[in-house]
Amino acid sequence: MFTKGNLLTKTRKLVNGLAKAKPVWLKAMEMSPPPVFPRAEKKVERICLPEDVYINKFYKKHPESLHEDPIKISDFDPTPSRIFGQRVLELMEQGVNEQDAIDVADTEYRLQKKSKKKAYKRLKEIAKLRGTKPPPNPYPSAVKEIQAEERKYVQDRFFNPRILEIVDKLKEQQAAEMLDRGRPGGGF
């Protein structure tokens, strides 16, 4: 159905063209048709915030941040790139020129990242002194978080009986194919 219109007009065309029997609900729908919502006449414009220019510069300077800094949609804390962009704008409002503001915000980002690593290193040292298991990293990279979630499924393939059964069947099939290829007249 490549015709334009809503369900009512499409069904009318099909019924009038004798391609479909008249459905029971058609008369009721014709008496009270569904509302027609106005469509956008032009393409919807992209939302662009003032700090977006600096966020792009941040990612050009720190491309690893795309994969290391997690973007959590349900989180209220802004991403480091957004903090960077907002900090540049804040410094520029105070009268600092753009390049100096970018340099200051970049230095602050690097110091913050370094302090987080240092804090976690200290937590691991304390746990080692106490003889306890080190706590999970409170600042993990997004890649490591995803790998931690997938680790269960990766390990599962070695111990799950159903998966092992499937692997055994595949090995048997492969061995049978190899035997067929080795016989004269067998295989292709």
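Mentor: A residue is called buried here when its relative accessible area is under 20%, and exposed when that value is over 50%, with partly exposed in between. The model is a predicted one, and the place to begin is Phe58, which counts as buried because its relative accessibility is 0%. The ring of Phe58 is paired with that of Phe84, the centres being 5.0 Å apart and the planes at 45°, so this pair is classed as tilted. Since Phe58 belongs to helix 3 (residues 52-61) and Phe84 to helix 5 (residues 80-93), the pair ties together parts that are 26 residues apart in sequence. Phe84 is itself buried, with a relative accessible area of 4%.

The structure holds 3 aromatic pairs. One of them joins Phe58 to Tyr59 in an edge-to-face arrangement, at 5.5 Å centre to centre and with 70° between the planes. Ring pairs link Phe58, Tyr59, Phe84 and Tyr109 into a cluster. If neighbours within four places in sequence are left aside, the residues in contact with Phe58 are Ser65, Pro80, Ser81, Phe84 and Tyr109.

As general background, nonpolar side chains tend to be buried together in soluble globular proteins.

Helix 6 deserves a description of its own, with 33 residues and a reach of 48 Å from its first C-alpha to its last, which is close to the 48 Å expected at 1.5 Å a residue. Its buried residues are Ala101, Ile102, Ala105, Asp106, Tyr109, Tyr120 and Ala127. After helix 6 comes Gly131, which has a positive phi near 80°.

Side chains of opposite charge can pair when their charged atoms come close. A search of the whole structure finds 11 salt bridges. In one of these, the side chains of Arg82 and Glu51 meet at 2.8 Å, N to O. This pair links distant parts of the chain, with Arg82 in helix 5 and Glu51 in the loop between helix 2 (26-31) and helix 3, 31 residues apart. Arg82 is partly exposed, with a relative accessible area of 26%, whereas Glu51 is buried, with a relative accessible area of 9%.

A salt bridge also joins the side chains of Lys61 and Asp106, at 3.7 Å from N to O. Because Lys61 lies in helix 3 and Asp106 in helix 6, this pair ties together parts that are 45 residues apart in sequence. Lys61 counts as partly exposed at 38% relative accessibility, while Asp106 is buried, with a relative accessible area of 7%.

The side chains of Lys113 and Glu64 likewise meet in a salt bridge, at 3.9 Å from N to O. Here the linked parts are helix 6, which holds Lys113, and the loop between helix 3 and helix 4 (65-68), which holds Glu64, and the two residues are 49 residues apart. Lys113 counts as partly exposed at 21% relative accessibility, and Glu64 counts as partly exposed at 32%. Salt bridges that share partners, moreover, join Glu51, Asp52 and Arg82 into one network.

To set this part within the whole chain, the domain assignment gives domain 1 (51-130) and domain 2 (142-174). The centres of domain 1 and domain 2, taken over C-alpha atoms, are separated by 37 Å.

How values were computed. Residues numbered from 1 in each chain as written. Heavy atoms only, no water. Domains from an automatic or database assignment. Phe/Tyr/Trp six-rings, centres within 6.5 Å; stacked < 30°, edge-to-face > 60°. Buried < 20%, exposed > 50% of the residue type's maximum accessible area, 1.4 Å probe, protein only. Helix = DSSP H or I, 4+ residues; strand = E, 2+ residues; numbered from the N terminus. Contact = heavy atoms within 4.5 Å. Salt bridge = Lys/Arg side-chain N within 4 Å of Asp/Glu carboxyl O. Expected span 1.5 Å × (residues − 1).
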